[in-house]
Structures are given as C-alpha cells and as structure tokens.
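Trainee: Could you take me closely through one part of this model, the sheet and what packs beside it?

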Amino acid sequence: MLNSFRALPETKAVKNRLHLDLRPKDQAAEVARLVGLGARRVDIGQGAELSWVVLADPDGNEFCVLRPLTPDAADT
C-alpha cells in the first residue's frame, strides 16, 4: 500500500497517464490516512452521490478510493 507522497519540482502539465483505484477494507480510514500523508479531496465533477472518493497527491495526480466490493469482502 502507498506509504507517502513525494513532491516533485515539476508541475503537472497533462492529464494523468495512469489512474489508480484503491479498494481498502475501510474506505473512511484510508481516506483519512491518505489526507494525513498529503493527499487532498478534489472535485472533478463526480457529484456527492458516488460511492468513491476522488483524491489528488501534492502534484495534482488524481486517484480514487473505492468502497469494499461487499461487506463480506471487508472481512477477508
């Protein structure tokens, strides 16, 4: 799992070439952990009714934190 974010001297100039979707056992705890490491919530027009959270690293690269597949999947 991702342990930290590292800032780079270059700024983001183009759309992400790679998009990560993380599926932790506890979505809220993982979002809080990632925000604590330097990520921030971003609005890319996704709306509030979706089941995932869009975050960006310090350079603006977006990624999503999804809910577990099913309640049973969170136990495995």
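**Strand pairing and the core**

Mentor: Asp-21 has Cys-64 as its bridge partner in β4. The model is predicted, so local features need pLDDT of at least 70 and side-chain atom pairs pLDDT 80 or more, while totals for chains, interfaces and linings use all residues. Residues are numbered from 1 along each chain as its sequence is written, and side-chain values use heavy atoms, without hydrogens and water. Helices (H or I, at least four residues) and strands (E, at least two) are DSSP runs numbered from the N terminus; two strands pair if DSSP finds at least two bridges between them.

β1 (residues 20-22) runs parallel to β4, with 3 bridges. β3 pairs with β4 too, in the antiparallel sense over 4 bridges; there Val-53 is bridged to Val-65, and Ala-56 stands opposite Glu-62. The hairpin of these two strands has 5 residues between them, and Gly-60 takes a positive phi near 90°.

A nonpolar core is a set of buried Ala, Val, Leu, Ile, Met, Phe, Trp, Tyr and Cys residues joined through side-chain atoms within 4.5 Å. The largest has 8 residues, including Val-53, Leu-55 and Val-31. At least two of its residues come from each of α1 (27-36), β3 (53-56) and β4 (62-65). Val-54 and Ala-56 belong to a second, separate core of 5 residues.

Note on methods
Buried < 20%, exposed > 50% of the residue type's maximum accessible area, 1.4 Å probe, protein only.
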